[in-house]
Amino acid sequence: MPAEPDYKFVLTNSENKDFIDLVTLLDKDLKIRDGDDHEFYHQFNNIDVIKHTIVLYYKAKAIGCGALKEYDSKTMEVKRMYILEDHRNKGLASKILLKIELWSKELGYTNCILETGYNQPEAIRLYKKNLYRIIPNYGQYQDVKSSICFKKVL
């Protein structure tokens with residue numbers, strides 16, 4: 001990863017234009033990966049209900065994002081993780097994830113959970129590398145065979 005001053009994290013909300021643009025790219029990728037299941041997953045990823053988002057900039061260009069959404073009084077759900085393709089494999093997603101965890105703790109939460117799909121092996125490796133453990137599928141994902149859910153105690 002290049003020098004830290006080239007990178008800037010902005011804690012914002014889902015009305016941030018750069019966040020919206022990155023999520024649009026994420027959704028295009030997920031539509032290909034998820035195929036016929038995309039509309040099912042898409043209904044749970046509406047950014048209108050997300051109040052806490054992070055945008056990562058490299059030399060003033062938005063290159064990655066993530067978000068957190070309250071799941072319950074102790075738990076935040078990690079949402080909308082994405083890094084532009086030409087900035088991947090540099091540890092940036094882990095840095096966004098760490099910012100999400102720190103922000104969750106600052107807000108008084110003790111856990112982070114998330115759902116990803118088996119069609120996203122890079123995401124699965126990311127969460128395992130960052131000490132998330134596989135848990136039974138929760139909420140709307142309980143009976144979804146293509147989903148895998150994770151949890152980390154903060």
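A salt bridge here is a side-chain nitrogen of Lys or Arg within 4 Å of a carboxyl oxygen of Asp or Glu. The model is predicted. By this rule it holds four salt bridges. The exercises below look at some of them, then at a helix and some strands.

**Exercise 1.** Find how Lys17 and Asp21 meet, and say where in the chain they sit.

*Solution.* 
- Step 1: check the distance. The side chains come to 2.7 Å, N to O, and form a salt bridge.
- Step 2: place the residues. Both lie in helix H1 (residues 17-34), four residues apart. They are therefore separated by about one helical turn.
- Step 3: Lys17 has a relative accessible area of 57%, so Lys17 is exposed. Asp21, with 35%, is partly exposed.

**Exercise 2.** Decide whether Glu77 and Lys79 are buried or exposed.

*Solution.* 
- Step 1: Glu77 forms a salt bridge with Lys79, and the closest N and O atoms are 3.8 Å apart.
- Step 2: recall the cut-off. Buried means under 20% relative accessible area.
- Step 3: apply it. Glu77 has 4% relative accessibility, so Glu77 is buried. Lys79 has 5%, so Lys79 is buried too.

**Exercise 3.** Work out which parts of the chain the pair Glu101 and Lys152 links.

*Solution.* 
- Step 1: find the contact. The closest N and O atoms of Glu101 and Lys152 are 3.2 Å apart, in a salt bridge.
- Step 2: place each residue. Glu101 is in helix H3 (residues 92-106), while Lys152 is in strand E7 (residues 147-153). They are 51 residues apart, and the pair links distant parts of the chain.
- Step 3: check burial. Glu101 is buried at 7% relative accessible area. Lys152 is buried at 16%.

**Exercise 4.** Compare the span of H3 with the expected value, then list its buried residues.

*Solution.* 
- Step 1: take the span. H3 has 15 residues and reaches 21 Å from its first C-alpha to its last.
- Step 2: compare. This is close to the 21 Å expected at 1.5 Å a residue.
- Step 3: list burial. The buried residues in H3 include Leu92, Ile96, Glu101 and Trp103.
- Step 4: look past the end. Gly108 follows H3 and has a positive phi, near 95°.

**Exercise 5.** Describe how strand E3 pairs with E2 and with E4.

*Solution.* 
- Step 1: take E2 (residues 52-58) and E3 (residues 61-72). Seven bridges join them, and they run antiparallel. Ile54 has Gly66 in E3 as its bridge partner.
- Step 2: check the turn. Two residues lie between E2 and E3 in their hairpin, where Lys59 takes a positive phi near 50°.
- Step 3: take E4 (residues 75-83). Seven bridges join E3 to E4, again antiparallel. Cys65 stands opposite Tyr82 in E4.
- Step 4: check this turn. E3 and E4 form a hairpin with two residues between them.

Definitions and conventions. Residues numbered from 1 in each chain as written. Predicted model: local features only at pLDDT ≥ 70, side-chain atom pairs only at ≥ 80, totals over all residues. Heavy atoms only, no water. Buried < 20%, exposed > 50% of the residue type's maximum accessible area, 1.4 Å probe, protein only. Expected span 1.5 Å × (residues − 1). Pairing = 2+ DSSP bridges.
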